[in-house]
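Hi,

Here is the structure I promised to send over. Could you have a look when you get a minute?

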Amino acid sequence: MKNVKKILAVLMALALIVGCFAACGSKEETEPAKKETKLKVGFIFLHDENSTYDLNFLNGAKAACEKLGVEYVIKTNIPETNECYEAAADLADQGCNIVFADSFGHESFMIQAAKEYPDVEFCHATGTRAHTEGLDNYHNAFASIYEGRYLAGVAAGLKLNEMIENGTEINGTVVTADNAKIGYVGAYTYAEVISGYTSFFLGARSICPTVTMEVQFTGSWYDETAEKEAATLLINKGCNLISQHADSMGAPTACETAGVPDVSYNGSTVEQCPNTFIVSSRIDWEPYFEYIIACVTDDKAIDTDWTGTIATGSVVLTDVNEAAAAKDTQAKLDEVKAEIEAGKIKVFDTSTFTVDGKEVTSYTADVDTDENYEGDTEVISDGAFLESNFRSAPYFDLRIDGITLLNEKY
(Lines give C-alpha, C1' and ligand atoms only; values in the text may rest on other atoms or scores of the structure.)
Protein backbone atom coordinates (compact mmCIF):
# COMPACT_ATOMS: atom_id res chain seq x y z
CA MET A 1 0.00 0.00 0.00
CA LYS A 2 2.85 2.33 0.87
CA ASN A 3 4.40 1.60 -2.52
CA VAL A 4 1.15 2.53 -4.24
CA LYS A 5 1.02 5.83 -2.35
CA LYS A 6 4.62 6.56 -3.32
CA ILE A 7 3.87 5.83 -6.97
CA LEU A 8 0.79 8.07 -6.87
CA ALA A 9 2.85 10.88 -5.30
CA VAL A 10 5.52 10.56 -7.98
CA LEU A 11 2.87 10.59 -10.73
CA MET A 12 1.23 13.71 -9.28
CA ALA A 13 4.61 15.46 -9.11
CA LEU A 14 5.32 14.53 -12.71
CA ALA A 15 1.89 15.83 -13.73
CA LEU A 16 2.60 19.15 -12.04
CA ILE A 17 5.95 19.43 -13.81
CA VAL A 18 4.42 18.59 -17.22
CA GLY A 19 1.60 21.06 -16.58
CA CYS A 20 4.09 23.76 -15.75
CA PHE A 21 6.00 23.18 -18.99
CA ALA A 22 2.74 23.10 -20.93
CA ALA A 23 1.62 26.36 -19.36
CA CYS A 24 4.94 28.02 -20.13
CA GLY A 25 4.76 26.85 -23.74
CA SER A 26 1.17 28.01 -24.01
CA LYS A 27 2.08 31.49 -22.75
CA GLU A 28 4.76 31.86 -25.43
CA GLU A 29 2.40 30.74 -28.19
CA THR A 30 -0.65 32.79 -27.21
CA GLU A 31 1.07 36.08 -26.31
CA PRO A 32 -0.35 38.70 -28.71
CA ALA A 33 2.03 39.95 -31.42
CA LYS A 34 3.31 43.48 -31.06
CA LYS A 35 1.25 45.93 -33.08
CA GLU A 36 3.08 47.52 -35.98
CA THR A 37 3.33 51.30 -35.84
CA LYS A 38 0.96 52.67 -38.45
CA LEU A 39 2.51 55.28 -40.70
CA LYS A 40 1.18 58.80 -40.41
CA VAL A 41 2.05 61.72 -42.70
CA GLY A 42 1.59 65.41 -41.98
CA PHE A 43 1.26 68.00 -44.74
CA ILE A 44 1.82 71.76 -44.51
CA PHE A 45 0.46 73.89 -47.36
CA LEU A 46 0.96 77.61 -47.92
CA HIS A 47 -2.61 78.15 -49.08
CA ASP A 48 -5.66 75.96 -49.60
CA GLU A 49 -7.59 74.47 -52.50
CA ASN A 50 -8.28 77.94 -53.93
CA SER A 51 -4.62 78.14 -54.96
CA THR A 52 -3.85 76.07 -58.05
CA TYR A 53 -0.36 75.44 -56.68
CA ASP A 54 -1.53 74.11 -53.32
CA LEU A 55 -4.48 72.24 -54.82
CA ASN A 56 -2.00 70.32 -56.96
CA PHE A 57 -0.14 69.22 -53.80
CA LEU A 58 -3.38 68.49 -51.94
CA ASN A 59 -4.59 66.20 -54.71
CA GLY A 60 -1.27 64.35 -54.84
CA ALA A 61 -1.13 63.93 -51.06
CA LYS A 62 -4.64 62.54 -50.77
CA ALA A 63 -4.20 60.24 -53.75
CA ALA A 64 -0.95 58.74 -52.46
CA CYS A 65 -2.08 58.28 -48.86
CA GLU A 66 -5.46 56.83 -49.75
CA LYS A 67 -3.91 54.51 -52.33
CA LEU A 68 -1.44 53.17 -49.75
CA GLY A 69 -3.86 53.20 -46.81
CA VAL A 70 -1.81 55.72 -44.83
CA GLU A 71 -3.22 58.08 -42.22
CA TYR A 72 -2.61 61.75 -42.95
CA VAL A 73 -3.11 65.19 -41.42
CA ILE A 74 -3.32 68.35 -43.53
CA LYS A 75 -2.65 71.90 -42.38
CA THR A 76 -3.53 74.65 -44.88
CA ASN A 77 -2.89 78.40 -45.02
CA ILE A 78 0.40 78.11 -43.14
CA PRO A 79 2.49 81.23 -43.89
CA GLU A 80 6.25 81.37 -44.40
CA THR A 81 6.79 82.41 -40.77
CA ASN A 82 7.42 80.74 -37.43
CA GLU A 83 3.87 79.43 -37.76
CA CYS A 84 5.37 76.85 -40.13
CA TYR A 85 7.74 75.61 -37.40
CA GLU A 86 4.84 75.43 -34.95
CA ALA A 87 2.78 73.45 -37.46
CA ALA A 88 5.68 71.06 -38.15
CA ALA A 89 6.33 70.54 -34.43
CA ASP A 90 2.64 69.94 -33.80
CA LEU A 91 2.48 67.31 -36.55
CA ALA A 92 5.55 65.59 -35.09
CA ASP A 93 3.94 65.64 -31.64
CA GLN A 94 0.81 64.10 -33.15
CA GLY A 95 2.89 61.10 -34.16
CA CYS A 96 3.55 61.85 -37.82
CA ASN A 97 6.48 59.84 -39.16
CA ILE A 98 6.84 62.20 -42.14
CA VAL A 99 6.18 65.95 -42.28
CA PHE A 100 6.05 67.67 -45.66
CA ALA A 101 5.87 71.39 -46.55
CA ASP A 102 5.25 72.82 -50.00
CA SER A 103 6.59 76.38 -50.19
CA PHE A 104 10.08 77.84 -50.64
CA GLY A 105 9.81 80.12 -47.61
CA HIS A 106 8.95 77.21 -45.30
CA GLU A 107 12.48 75.84 -45.51
CA SER A 108 14.25 77.44 -42.53
CA PHE A 109 11.36 76.49 -40.24
CA MET A 110 11.33 72.90 -41.49
CA ILE A 111 15.07 72.66 -40.83
CA GLN A 112 14.52 73.98 -37.29
CA ALA A 113 11.90 71.28 -36.68
CA ALA A 114 14.10 68.58 -38.22
CA LYS A 115 16.87 69.37 -35.76
CA GLU A 116 14.48 69.06 -32.81
CA TYR A 117 12.76 65.86 -33.99
CA PRO A 118 15.55 63.59 -35.32
CA ASP A 119 13.27 60.55 -35.50
CA VAL A 120 10.84 62.25 -37.90
CA GLU A 121 11.49 62.63 -41.64
CA PHE A 122 11.02 66.22 -42.85
CA CYS A 123 10.53 66.68 -46.60
CA HIS A 124 10.29 69.99 -48.40
CA ALA A 125 9.41 70.99 -51.97
CA THR A 126 11.37 73.69 -53.84
CA GLY A 127 13.99 74.00 -51.09
CA THR A 128 17.72 74.37 -51.69
CA ARG A 129 19.53 73.53 -48.45
CA ALA A 130 19.12 69.79 -47.83
CA HIS A 131 22.36 68.88 -49.61
CA THR A 132 24.38 71.32 -47.49
CA GLU A 133 22.65 71.04 -44.08
CA GLY A 134 23.98 67.56 -43.30
CA LEU A 135 20.76 66.37 -41.62
CA ASP A 136 19.82 62.74 -42.21
CA ASN A 137 16.13 63.52 -41.68
CA TYR A 138 15.77 66.61 -43.89
CA HIS A 139 15.13 66.27 -47.63
CA ASN A 140 14.36 68.45 -50.66
CA ALA A 141 12.32 67.51 -53.72
CA PHE A 142 11.36 69.02 -57.06
CA ALA A 143 10.91 67.89 -60.66
CA SER A 144 12.18 68.75 -64.13
CA ILE A 145 9.14 70.96 -64.72
CA TYR A 146 11.20 73.03 -67.14
CA GLU A 147 10.62 70.16 -69.60
CA GLY A 148 6.87 70.43 -69.07
CA ARG A 149 6.99 74.20 -69.48
CA TYR A 150 9.01 73.81 -72.68
CA LEU A 151 6.27 71.53 -74.03
CA ALA A 152 3.61 74.04 -72.99
CA GLY A 153 5.66 76.67 -74.83
CA VAL A 154 5.56 74.51 -77.96
CA ALA A 155 1.76 74.61 -77.75
CA ALA A 156 1.95 78.40 -77.39
CA GLY A 157 4.21 78.70 -80.42
CA LEU A 158 1.81 76.64 -82.51
CA LYS A 159 -1.05 78.93 -81.49
CA LEU A 160 0.95 82.04 -82.37
CA ASN A 161 1.77 80.60 -85.81
CA GLU A 162 -1.88 79.80 -86.38
CA MET A 163 -2.92 83.34 -85.45
CA ILE A 164 -0.23 84.80 -87.75
CA GLU A 165 -1.36 82.59 -90.62
CA ASN A 166 -5.04 83.44 -90.08
CA GLY A 167 -4.49 87.16 -89.52
CA THR A 168 -6.20 86.89 -86.14
CA GLU A 169 -6.93 90.17 -84.38
CA ILE A 170 -6.11 90.41 -80.69
CA ASN A 171 -7.14 93.51 -78.76
CA GLY A 172 -7.59 95.50 -81.95
CA THR A 173 -4.30 94.47 -83.61
CA VAL A 174 -3.69 91.80 -86.23
CA VAL A 175 -1.12 89.24 -85.08
CA THR A 176 1.93 89.13 -87.38
CA ALA A 177 5.37 87.55 -87.22
CA ASP A 178 6.79 90.96 -86.30
CA ASN A 179 4.51 91.53 -83.30
CA ALA A 180 4.21 87.94 -82.01
CA LYS A 181 4.58 88.58 -78.30
CA ILE A 182 3.84 86.54 -75.18
CA GLY A 183 2.97 88.06 -71.82
CA TYR A 184 4.01 86.22 -68.66
CA VAL A 185 2.77 86.79 -65.12
CA GLY A 186 5.47 85.86 -62.60
CA ALA A 187 5.47 85.84 -58.82
CA TYR A 188 9.07 86.69 -57.89
CA THR A 189 12.45 87.03 -59.58
CA TYR A 190 13.55 83.71 -58.07
CA ALA A 191 15.51 81.16 -60.09
CA GLU A 192 12.48 78.86 -60.05
CA VAL A 193 10.39 81.49 -61.83
CA ILE A 194 13.20 82.50 -64.22
CA SER A 195 13.81 78.86 -65.12
CA GLY A 196 10.09 78.43 -65.74
CA TYR A 197 9.47 81.42 -67.98
CA THR A 198 12.72 80.88 -69.90
CA SER A 199 11.96 77.23 -70.69
CA PHE A 200 8.42 78.21 -71.74
CA PHE A 201 9.81 80.94 -74.01
CA LEU A 202 12.39 78.61 -75.57
CA GLY A 203 9.65 76.07 -76.33
CA ALA A 204 7.54 78.77 -78.00
CA ARG A 205 10.50 80.13 -79.99
CA SER A 206 11.39 76.66 -81.25
CA ILE A 207 8.08 76.84 -83.16
CA CYS A 208 7.64 80.59 -83.72
CA PRO A 209 11.17 82.01 -84.23
CA THR A 210 10.17 85.70 -84.07
CA VAL A 211 8.38 85.55 -80.72
CA THR A 212 9.37 87.84 -77.85
CA MET A 213 8.14 87.88 -74.27
CA GLU A 214 7.41 90.43 -71.55
CA VAL A 215 7.22 89.48 -67.87
CA GLN A 216 5.29 91.31 -65.16
CA PHE A 217 5.91 90.28 -61.53
CA THR A 218 3.34 90.48 -58.74
CA GLY A 219 5.46 89.97 -55.61
CA SER A 220 3.16 87.21 -54.39
CA TRP A 221 2.60 83.54 -55.10
CA TYR A 222 -1.14 84.03 -54.76
CA ASP A 223 -2.86 87.35 -55.35
CA GLU A 224 -5.81 87.06 -57.69
CA THR A 225 -6.26 90.82 -58.08
CA ALA A 226 -2.58 91.49 -58.77
CA GLU A 227 -2.35 88.58 -61.21
CA LYS A 228 -5.44 89.72 -63.11
CA GLU A 229 -4.09 93.27 -63.26
CA ALA A 230 -0.70 92.02 -64.49
CA ALA A 231 -2.31 89.95 -67.25
CA THR A 232 -4.52 92.88 -68.28
CA LEU A 233 -1.49 95.17 -68.42
CA LEU A 234 0.34 92.70 -70.65
CA ILE A 235 -2.66 92.32 -72.94
CA ASN A 236 -2.95 96.10 -73.23
CA LYS A 237 0.76 96.23 -74.14
CA GLY A 238 0.11 94.07 -77.18
CA CYS A 239 0.74 90.54 -75.90
CA ASN A 240 -1.06 87.97 -78.04
CA LEU A 241 -0.93 85.09 -75.54
CA ILE A 242 -0.52 84.90 -71.76
CA SER A 243 1.11 82.37 -69.47
CA GLN A 244 1.98 82.44 -65.79
CA HIS A 245 3.92 81.29 -62.77
CA ALA A 246 1.38 82.42 -60.21
CA ASP A 247 -1.27 80.45 -58.40
CA SER A 248 -4.70 82.02 -58.82
CA MET A 249 -7.30 82.27 -61.56
CA GLY A 250 -6.48 85.96 -62.01
CA ALA A 251 -4.55 85.68 -65.29
CA PRO A 252 -6.75 83.00 -66.92
CA THR A 253 -9.88 85.01 -66.07
CA ALA A 254 -8.39 88.16 -67.62
CA CYS A 255 -7.62 86.17 -70.78
CA GLU A 256 -11.12 84.71 -71.04
CA THR A 257 -12.63 88.17 -70.66
CA ALA A 258 -10.34 89.67 -73.32
CA GLY A 259 -10.45 86.68 -75.67
CA VAL A 260 -6.68 86.14 -75.44
CA PRO A 261 -5.22 82.59 -75.61
CA ASP A 262 -3.86 81.35 -72.30
CA VAL A 263 -1.45 78.66 -71.13
CA SER A 264 -2.04 78.20 -67.40
CA TYR A 265 -0.02 76.36 -64.77
CA ASN A 266 -0.67 73.57 -62.26
CA GLY A 267 -3.90 72.38 -63.80
CA SER A 268 -6.57 72.81 -66.41
CA THR A 269 -8.75 75.92 -66.38
CA VAL A 270 -10.90 74.71 -69.28
CA GLU A 271 -14.12 74.72 -67.24
CA GLN A 272 -13.71 78.37 -66.26
CA CYS A 273 -12.03 79.46 -69.51
CA PRO A 274 -13.35 77.21 -72.30
CA ASN A 275 -12.60 79.64 -75.12
CA THR A 276 -9.00 80.59 -74.28
CA PHE A 277 -7.35 77.80 -72.26
CA ILE A 278 -4.89 75.78 -74.39
CA VAL A 279 -2.91 73.50 -72.06
CA SER A 280 -1.15 73.46 -68.70
CA SER A 281 1.98 71.82 -67.33
CA ARG A 282 2.33 70.73 -63.73
CA ILE A 283 4.32 68.59 -61.34
CA ASP A 284 2.42 65.50 -60.26
CA TRP A 285 3.50 65.03 -56.63
CA GLU A 286 1.81 61.67 -56.10
CA PRO A 287 4.90 59.66 -57.21
CA TYR A 288 7.09 61.51 -54.69
CA PHE A 289 4.64 61.02 -51.83
CA GLU A 290 4.41 57.31 -52.64
CA TYR A 291 8.22 57.17 -52.74
CA ILE A 292 8.80 58.74 -49.30
CA ILE A 293 6.06 56.61 -47.73
CA ALA A 294 7.65 53.48 -49.19
CA CYS A 295 11.08 54.53 -47.91
CA VAL A 296 9.85 54.94 -44.35
CA THR A 297 7.77 51.75 -44.52
CA ASP A 298 10.77 49.73 -45.76
CA ASP A 299 13.25 51.53 -43.47
CA LYS A 300 15.20 52.93 -46.43
CA ALA A 301 16.89 56.31 -46.68
CA ILE A 302 15.02 59.09 -48.50
CA ASP A 303 17.07 60.88 -51.15
CA THR A 304 18.53 64.14 -49.88
CA ASP A 305 17.58 65.77 -53.20
CA TRP A 306 14.94 63.98 -55.26
CA THR A 307 14.17 65.10 -58.81
CA GLY A 308 11.10 63.73 -60.55
CA THR A 309 10.99 63.56 -64.35
CA ILE A 310 8.69 62.84 -67.25
CA ALA A 311 9.79 59.21 -66.94
CA THR A 312 8.72 58.98 -63.25
CA GLY A 313 5.33 60.49 -64.12
CA SER A 314 6.20 63.61 -62.16
CA VAL A 315 6.07 66.08 -65.08
CA VAL A 316 2.76 66.06 -66.91
CA LEU A 317 0.56 68.10 -69.20
CA THR A 318 -3.19 68.41 -69.02
CA ASP A 319 -5.37 67.46 -71.95
CA VAL A 320 -5.15 69.92 -74.82
CA ASN A 321 -8.26 72.06 -75.24
CA GLU A 322 -8.96 71.53 -78.93
CA ALA A 323 -11.42 74.42 -78.95
CA ALA A 324 -8.60 76.91 -78.31
CA ALA A 325 -5.38 75.14 -79.36
CA ALA A 326 -3.90 75.14 -82.84
CA LYS A 327 -4.65 72.17 -85.07
CA ASP A 328 -2.55 69.03 -84.41
CA THR A 329 -1.12 70.43 -81.17
CA GLN A 330 -1.31 67.10 -79.36
CA ALA A 331 0.57 65.29 -82.14
CA LYS A 332 3.38 67.85 -82.02
CA LEU A 333 3.58 67.66 -78.23
CA ASP A 334 3.88 63.88 -78.41
CA GLU A 335 6.70 64.23 -80.94
CA VAL A 336 8.67 66.78 -78.91
CA LYS A 337 8.11 64.90 -75.66
CA ALA A 338 9.61 61.76 -77.22
CA GLU A 339 12.64 63.77 -78.35
CA ILE A 340 13.13 65.20 -74.85
CA GLU A 341 12.93 61.74 -73.31
CA ALA A 342 15.43 60.42 -75.87
CA GLY A 343 17.84 63.26 -75.09
CA LYS A 344 17.58 64.70 -78.60
CA ILE A 345 16.21 67.98 -77.26
CA LYS A 346 17.85 69.69 -74.30
CA VAL A 347 15.66 72.47 -72.97
CA PHE A 348 18.57 74.78 -72.09
CA ASP A 349 20.72 74.01 -75.13
CA THR A 350 23.13 76.96 -75.14
CA SER A 351 23.02 77.17 -78.95
CA THR A 352 19.36 78.21 -78.76
CA PHE A 353 19.78 81.40 -76.72
CA THR A 354 22.16 84.26 -76.05
CA VAL A 355 22.82 86.64 -73.18
CA ASP A 356 23.73 90.19 -74.25
CA GLY A 357 24.17 88.88 -77.77
CA LYS A 358 26.66 86.17 -76.85
CA GLU A 359 26.37 82.40 -76.50
CA VAL A 360 26.96 81.19 -72.94
CA THR A 361 29.89 78.77 -72.76
CA SER A 362 30.50 78.86 -69.01
CA TYR A 363 28.39 79.83 -66.02
CA THR A 364 28.78 79.47 -62.27
CA ALA A 365 25.38 79.07 -60.64
CA ASP A 366 24.35 79.44 -57.01
CA VAL A 367 23.76 75.77 -56.17
CA ASP A 368 25.08 75.72 -52.59
CA THR A 369 22.90 78.56 -51.33
CA ASP A 370 24.48 81.03 -48.94
CA GLU A 371 23.51 84.44 -47.57
CA ASN A 372 25.09 86.27 -50.52
CA TYR A 373 23.63 83.93 -53.19
CA GLU A 374 27.02 83.70 -54.88
CA GLY A 375 27.75 81.34 -57.75
CA ASP A 376 29.67 78.22 -56.73
CA THR A 377 29.12 75.49 -59.33
CA GLU A 378 29.93 75.29 -63.05
CA VAL A 379 26.68 74.24 -64.74
CA ILE A 380 27.44 74.38 -68.47
CA SER A 381 28.49 71.06 -69.95
CA ASP A 382 28.31 69.54 -73.45
CA GLY A 383 26.56 72.61 -74.81
CA ALA A 384 23.74 72.77 -72.27
CA PHE A 385 22.86 74.36 -68.94
CA LEU A 386 22.44 71.42 -66.54
CA GLU A 387 19.29 72.41 -64.66
CA SER A 388 18.29 70.34 -61.59
CA ASN A 389 21.43 68.25 -61.98
CA PHE A 390 23.32 69.33 -58.85
CA ARG A 391 20.23 69.79 -56.67
CA SER A 392 16.52 69.29 -57.25
CA ALA A 393 15.38 72.92 -57.04
CA PRO A 394 15.98 75.13 -60.12
CA TYR A 395 19.03 77.40 -60.25
CA PHE A 396 18.77 78.70 -63.83
CA ASP A 397 18.82 82.49 -63.41
CA LEU A 398 20.25 83.76 -66.71
CA ARG A 399 18.48 86.73 -68.30
CA ILE A 400 18.41 85.68 -71.94
CA ASP A 401 17.81 87.89 -74.97
CA GLY A 402 14.24 88.11 -76.24
CA ILE A 403 12.66 88.40 -72.79
CA THR A 404 11.98 91.78 -71.23
CA LEU A 405 11.26 92.17 -67.50
CA LEU A 406 8.83 95.04 -66.99
CA ASN A 407 9.43 95.28 -63.24
CA GLU A 408 12.18 93.71 -61.14
CA LYS A 409 11.48 94.94 -57.61
CA TYR A 410 10.44 91.47 -56.42
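First, the ground rules. This is a predicted model, where local features need pLDDT of at least 70, side-chain atom pairs count only at pLDDT 80 or more, and totals for chains, interfaces and linings use all residues. Residues are numbered from 1 along each chain as its sequence is written, and side-chain values use heavy atoms, with hydrogens and water left out.

The chain has 11 helices and 19 strands (DSSP runs numbered from the N terminus: H or I of at least four residues, E of at least two). Its radius of gyration is 28 Å, well over the 22 Å that the globule rule gives for 410 residues, so the chain is more spread out than a compact globule (taken over C-alpha atoms; the rule is 2.2 Å times the number of residues to the power 0.38). Along the principal axes, the C-alpha atoms fill a box of roughly 125 × 45 × 40 Å.

The whole structure holds eight salt bridges (a Lys or Arg side-chain nitrogen within 4 Å of an Asp or Glu carboxyl oxygen). One of them joins Glu214 to Lys181, with the closest N and O atoms 3.3 Å apart. Glu214 sits in strand β9 and Lys181 in strand β8, so the pair ties together parts 33 residues apart in sequence. Both Glu214 and Lys181 are buried (under 20% relative accessible area; exposed is over 50%, partly exposed in between, with a 1.4 Å probe and protein chains only).

Another bridge pairs Lys159 with Glu162 at 3.0 Å, about one helical turn apart in helix α6.

Cheers
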